[in-house]
Amino acid sequence: MESETMSRPNGNNSDYGAKGWNLIYRELKAFLKGALGSVISVEFATVLVPLLIIWEVLPRSGVVPETLVPTPSKIVATFWQMLIEHDLPHHIGASLVRFFLGFSIALLTAFPIGVLMGWNVFVRKHCLPMFQILAPVPPPAWVPITIVALGVGLPMQVFLIFLGAFYPILFNTYQGVKDTDPRYLASARVFGASEFTLIRSVYVWHALGLVIMGIKIGIVLGLVMLIISEMYGGRSGIGYLLVESKEYFNIDRMVVCMIVLGALGWFLIEIMKYVELKLAIWRIGR
Amino acid sequence: MGQVMAAWVIVRRPAVVAGLLITLLVLGGCFRSDSGKSPGTQATRPLRVAYIGSPMAAPLFVAAASRGGADRQPLDLLQFKTSGDAGYALLWGEVDAALIEPLKTPNLLQTSKFPPLKVAGTIQFPYGATLVLRKDLSLRFGELAGRTVAAEGEDCGLWHQFKTDARRLGLDPERIRTVYMPFEDMVPSLEAKTVDAILTKGSYGVIGESLGHKILYQNWDVAAGTDECCPAILAQTVYFLVVRRLDDETVARLVQTLEATGQEKLDEVRGIVSKQTGISEKRLAHFPVATFSAVTDELGSLLKDHAWSPRQ
């Protein structure tokens, strides 16, 4: 009976369910409002609509060859065709799996290393020079050596995405932690905070804005590396579709792939903006 | 008065002047690039031909190496990684002709309305069922059970022939995992390690072996074009020779030059191919040699306006 009482403090379990759904609905609404707010606006429409009209009219009137510059209407039709006949959702899914694997590994390694380097001079002096030497090597330059070391399968693709996302997250986290205002640290120490508490409650929160910025840059570079990695190995993913379309002179399909990638990147960045809004609200007004 | 106006425009409206200059530069560039590609100049210079480095380009190698004969068309060969890249080079006028794989050619021909692209001939190679094993694997024919093999299609004649031969050699073909893909995608899949072996046409077998993969099985006694997966007209076609904005006389000379390579001695052809591809003559001696063929009436009727013929 006790457990029943605990699970239903107000005597009605459905209240929690309704509140939960309400919360999800409210948050989803807030996310969509934030994400689509700038896209669905009169100001943007005044730029987008004329551009789309010009894009549609120029190839149709023969000013530019329609075969090389497919019209927006043709692209919409091709998108639908790829969705139905060419397994586009499967390719998007395959790319997303690779991206999240590589990106998660980057986040789970770069964030703690960045925090440790920013917090501790000993760790910083030992590790920072190595990352400073390796970071300027452009991630695509790692492709040949990665193929030699890991072949052309999933490990190679995940590693390249990891490389793309790792350094922006690492250096932003490091910088954010290192620049923590000493007054906050002194205040916390006055109240007897341990070093672990300082990291958990002061350093990390102070660095959060920069960390999210690093994650956003990491998402963009991770997507770049996703496409590069899919161009080299495997028979699935948007990068593969893009190269295959190029190879078979399907220019409309190439454009669809580019638009899908753009939408994917935009969506992920919007998620991070939403996370920033929720976690580091003090940065939003800046 | 005019000079005063001009000075006023330059001083007071620098953006207008800059815009005019840019327009002039762009127009100048257009005219310059256009004049460089005028059809009249092509007879006097070597034709730039795009190809992918494989023994299948043998007629091109021989034609380029040949010195004799005033009626021969000199060729300047440019190697590309894929026939897609070669196709784009052709579209933008960086080359005058390119070898393009059959499945890719229809889209390429549709892509360019002006200048129109034309098929001037084909590279032919005997059909033959060939099983190519990935270079990092060391398997015998009987050990293919459980491995992934790429085939063109379930109803493909090559696949039926392979199954018959496999049973005869003691391998149950039902125990092989099969994935289906076009012939054009098989060697890249082998390189990408997404399959363990490919069952392909003789031509792709040679291309695969030239990349270091191993041929495990080969049967040349497969009749070409008896199935839907590879119609007779395309069965032995490895590449189409696609030309761009060339006058009839130049194309005729090019076709004649390439057809003449079929009369060269096989050893000499293999020597030239070996020099161009780095594959030893001894290895090339195991295979037939690719030959060039002009557009036949049958192919011409299939390609319609996109086929080049001497009658044009």
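**Close-up 1. Helix 4 meets helix 12 in chain A of this predicted model.** Helix 4 of chain A supplies A:Lys74, A:Ile75, A:Thr78, A:Phe79 and A:Met82. Helix 12 of chain A answers with A:Asp252, A:Arg253, A:Val255 and A:Val256. By class, the contact of helix 4 with helix 12 of chain A holds 5 nonpolar, 1 polar and 3 charged residues. Helix 4 spans residues 72-85 of chain A and helix 12 spans residues 251-279 of chain A. Their axes lie 9 Å apart, at an angle of about 80°. Angles of 65 to 115 degrees count as roughly perpendicular, so helix 4 and helix 12 of chain A are roughly perpendicular to each other.

**Close-up 2. Helix 8 packs on helix 10 in chain A.** Helix 8 covers residues 154-178 of chain A, and helix 10 covers residues 195-232 of chain A. The packing angle is about 160°, and the axes are 7 Å apart. Helix 8 and helix 10 of chain A are therefore roughly antiparallel to each other. The crossing of helix 8 and helix 10 of chain A is right-handed. The contact of helix 8 with helix 10 of chain A has 21 nonpolar residues, 12 polar residues and 1 charged residue.

**Close-up 3. Domain 1 touches domain 2 in chain A.** Domain 1 of chain A runs over 2-60, and domain 2 of chain A over 72-284. Their centres, taken over C-alpha atoms, are separated by 24 Å. In the contact, 6 residues of domain 1 of chain A meet 6 residues of domain 2 of chain A. On the domain 1 side, helix 2 (14-37) and helix 3 (42-60) of chain A are the elements that give two or more residues. That side of domain 1 of chain A divides into 4 nonpolar, 1 polar and 1 charged.

**Close-up 4. Chain A contacts chain B.** The contact joins 14 residues of chain A to 14 residues of chain B. The side of chain A that touches chain B has 5 nonpolar, 6 polar and 3 charged residues.

**Close-up 5. Six strands of chain B form an open sheet.** The 6 strands follow the order 2-1-3-10-4-11 in chain B, and the pairing is mixed. Strand 2 (75-80) and strand 11 (291-294) of chain B are the edge strands, each pairing on one side only. Neighbouring strands of this sheet are turned by 30° against each other on average, direction ignored. Strand 4 (residues 117-124) of chain B runs antiparallel to strand 11 of chain B, and 4 bridges join them. B:Gly121 has B:Ala294 in strand 11 of chain B as its bridge partner. Helix 4 (residues 83-91) of chain B lies across strand 1 (47-52), strand 2, strand 3 (97-100), strand 4 and strand 10 (237-244) of chain B. Helix 4 of chain B runs at about 155° to strand 3 of chain B.

**Close-up 6. Five strands of chain B form an open sheet.** The 5 strands follow the order 7-6-8-5-9 in chain B, with mixed pairing. The edges are strand 7 (177-180) and strand 9 (214-219) of chain B, and each pairs on one side only. From one strand to the next, the twist averages 25°. Strand 5 (residues 129-133) and strand 9 of chain B pair in the antiparallel sense over 5 bridges. B:Leu131 stands opposite B:Tyr217 in strand 9 of chain B.

**Close-up 7. Helix 7 crosses helix 8 in chain B.** The axes of helix 7 (residues 183-191) and helix 8 of chain B come within 10 Å and cross at roughly 20°. That makes helix 7 of chain B roughly parallel to helix 8 of chain B. The crossing of helix 7 and helix 8 of chain B is right-handed. From helix 7 of chain B, the contact takes B:Phe183, B:Met186, B:Val187 and B:Leu190. From helix 8 of chain B come B:Tyr204, B:Ile207 and B:Gly208. The contact of helix 7 with helix 8 of chain B has 6 nonpolar, 1 polar and no charged residues.

Technical notes
Residues numbered from 1 in each chain as written. Chains lettered and ligands numbered in written order. Predicted model: local features only at pLDDT ≥ 70, side-chain atom pairs only at ≥ 80, totals over all residues. Contact = placed C-beta atoms within 7 Å. Nonpolar A, V, L, I, M, F, W, Y, C, P; charged D, E, K, R; others polar. Domains from an automatic or database assignment. Axes fitted to C-alpha atoms, helices over the stretch in contact; angles between N-to-C directions. Parallel < 35°, antiparallel > 145°, perpendicular 65-115°, else oblique. Left-handed = near helix turned anticlockwise from the far one by under 90°. Pairing = 2+ DSSP bridges.
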